[in-house]
Amino acid sequence: MGAPSVLPLFLLFACCWAPGGANLSQDDSQPWTSDETVVAGGTVVLKCQVKDHEDSSLQWSNPAQQTLYFGEKRALRDNRIQLVSSTPHELSISISNVALADEGEYTCSIFTMPVRTAKSLVTVLGIPQKPIITGYKSSLREKETTTLNCQSSGSKPAAQLTWRKGDQELHGEPTRIQEDPNGKTFTVSSSVTFQVTREDDGANIVCSVNHESLKGADRSTSQRIEVLYTPTAMIRPDPPHPREGQKLLLHCEGRGNPVPQQYLWVKEGSEPPLKMAQDSALIFPFLNKSDSGTYGCTAISNMGSYTAYFTLNVNDPSPVPSSYSTYHAIIGGIVAFIVFLLLILLIFLGHYLIRHKGTYLTHEAKGSDDAPDADTAIINAEGGQSGGDDKKEYFI
């Protein structure tokens with residue numbers, strides 16, 4: 001009784017794994033598709049293919065098992081759903097302006113014997129909203145500790161929040177996640193606590209949301225903070241190296257938040273204070289040696305005060321060239337230049353004359369060698385007369 005019962009099982013095993021495509025996984029009539037991910041508001045394309053259609057058409061259905069397309073025929077009146085391609089071996093459709101409610105398993109069917117189906121899981125990403133920062137109410141005092149909160153809703157899956165101050169990363173609390181009332185998206189929140197310094201005055205505290213639906217795009221909110229701090233001051237002389245008899249201004253450059261409203265000038269060893277005013281400059285119309293000494297400037301604001309010191313050393317007066325001497329210096333320079341030019345001209349002229357005088361003397365000497373002397377001329381003249389010849393020769 002045991003042998004006959006084993007034979008059918010063996011034949012079934014041999015049939016299923018026989019070469020030549022009898023394996024069900026190699027069924028040419030089995031359609032196939034792929035899972036898709038789309039951002040809410042975007043467009044998704046569902047593509048179903050089959051190798052052997054067996055004279056049957058492909059069909060797409062939504063998660064609620066409503067037929068969307070049967071072949072090239074529209075079955076559901078939804079203008080967001082359009083036909084992309086319809087052939088005996090492929091049926092592709094697109095869904096535009098995708099909503100979170102469109103998420104789920106879509107079914108591609110082919111009505112052969114038996115009916116074969118393939119599933120496509122469509123995942124819809126919820127885009128997080130622009131984050132909101134709360135907790136900042138008014139100006140902060142230096143070294144005060146503050147806490148800021150950041151929140152963003154509508155993300156799916158839950159987004160992550162990060163903090164930074166300018167280019168510096170701030171380490172906030174881990175992101176808290178809460179499901180939204182729609183049961184699909186999430187609201188995320190985070191807090192950061194830090195102590196402010198005077199360098200933080202005017203700084204931007206930035207909360208950024210990170211999510212795959214943003215595809216690297218920045219989505220952040222910044223909060224500018226104001227920090228109140230005590231003033232500082234520095235004294236700057238004008239001119240930098242004052243001399244006796246000059247006019248001098250000592251500028252007291254105050255910095256702070258708020259800016260200093262008053263400046264108090266004092267000189268060590270003298271009473272009472274030299275000046276108390278909103279003007280930050282101390283003026284010396286005409287410097288004397290007696291003005292030398294150490295001066296203090298106190299910058300005063302609602303946050304406190306700060307005193308800067310400067311030691312003034314009045315130097316001896318420096319000779320200032322008059323306009324008359326300057327004029328003579330210019331004239332002297334012009335005259336020296338002209339004399340220099342004349343000297344050069346004389347050198348060239350002398351050189352020229354020396355060369356040409358040598359040429360003149362050479363020509364003169366050559367002319368003297370060619371001319372007969374006076375004695376020769378007289379002898380020739382006498383010889384002509386004694387010979388009785390009327391012909392006379394004259395040598396000049």
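Student: Is Cys252 buried or exposed?

Tutor: Cys252 counts as buried because its relative accessibility is 2%. A residue is called buried under 20% relative accessible area, exposed over 50%, and partly exposed in between, using a 1.4 Å probe and protein chains only. Before we go on, please note that this is a predicted model, in which local features need pLDDT of at least 70 and side-chain atom pairs count only at pLDDT 80 or more, while totals for chains, interfaces and linings use all residues. Residues are numbered from 1 along each chain as its sequence is written, and side-chain values use heavy atoms, with hydrogens and water left out.

Student: To which residue is Cys252 joined in a disulfide?

Tutor: A disulfide is a covalent bond between the sulfur atoms of two cysteines. Here the criterion is a pair of cysteine sulfur atoms within 2.5 Å. Cys252 forms its disulfide with Cys297, and the two sulfur atoms are 2.0 Å apart. The torsion about this S-S bond is -95 degrees, and the link is left-handed. The pair links distant parts of the chain, with Cys252 in strand β20 (residues 248–257) and Cys297 in strand β24 (residues 293–301), 45 residues apart. Strands (E, at least two residues) and helices (H or I, at least four) are DSSP runs, numbered from the N terminus. Cys297 has a relative accessible area of 0%, so this cysteine is buried as well.

Student: How many disulfides are there by this rule?

Tutor: The count comes to 3 disulfides. Cys48 and Cys108 form one of them, with sulfur atoms 1.8 Å apart. Its S-S torsion is about -80 degrees, so this disulfide is left-handed. Because Cys48 belongs to strand β2 (residues 44–49) and Cys108 to strand β8 (residues 104–110), the pair ties together parts that are 60 residues apart in sequence. Both of these cysteines, Cys48 and Cys108, are buried.

Student: How far apart are the sulfur atoms of Cys150 and Cys207?

Tutor: They lie 1.9 Å apart, and the two residues form a disulfide. This link is left-handed, with -85 degrees about the S-S bond. Cys150 is in strand β12 (residues 145–155) and Cys207 in strand β17 (residues 204–210), so parts 57 residues apart in sequence are tied together. Cys150 and Cys207 are both buried. When bonded cysteines are counted along the chain, the disulfides follow the pattern 1-2, 3-4, 5-6.

Student: How many aromatic pairs does a search of the whole structure find?

Tutor: Rings of Phe, Tyr and Trp (its six-membered ring) pair if their centres lie within 6.5 Å; planes under 30 degrees apart are stacked, over 60 edge-to-face, and the rest tilted. The search finds 2 such pairs. Phe70 and Phe111 make a tilted pair, 6.1 Å centre to centre with 55 degrees between the planes. Phe70 is in strand β4 (residues 67–70) and Phe111 in the loop between β8 and β9 (116–125), so the pair ties together parts 41 residues apart in sequence. Phe70 is partly exposed at a relative accessible area of 35%, and Phe111 is partly exposed at 41%. Phe284 and Tyr295 form an edge-to-face pair, 5.5 Å centre to centre with 85 degrees between the planes. Phe284 lies in strand β23 (residues 281–284) and Tyr295 in strand β24, 11 residues apart. Phe284 counts as buried at 9% relative accessibility, as does Tyr295 at 2%.

Student: What is the order of the strands in the open sheet of 4 strands?

Tutor: Strands of a sheet pair through backbone hydrogen bonds, either parallel or antiparallel. Here, two strands pair if DSSP finds at least two bridges between them. The order is β14-β13-β17-β18, with antiparallel pairing. Strands β14 (168–170) and β18 (220–224) each have a single partner strand at the edges, so one side of each is left without a neighbour in the sheet. Within the sheet, β13 (residues 160–165) and β17 pair in the antiparallel sense over 6 bridges. Lys165 stands opposite Ile205 in β17.

Student: Which residues does UniProt list as "transmembrane region"?

Tutor: The unreviewed UniProt entry lists residues 327–354. UniProt positions are given in the numbering used here, feature names are shortened, and annotations may be inferred rather than shown by experiment. In the model, this span is 100% helix and 0% strand, and its end C-alpha atoms lie 41 Å apart.
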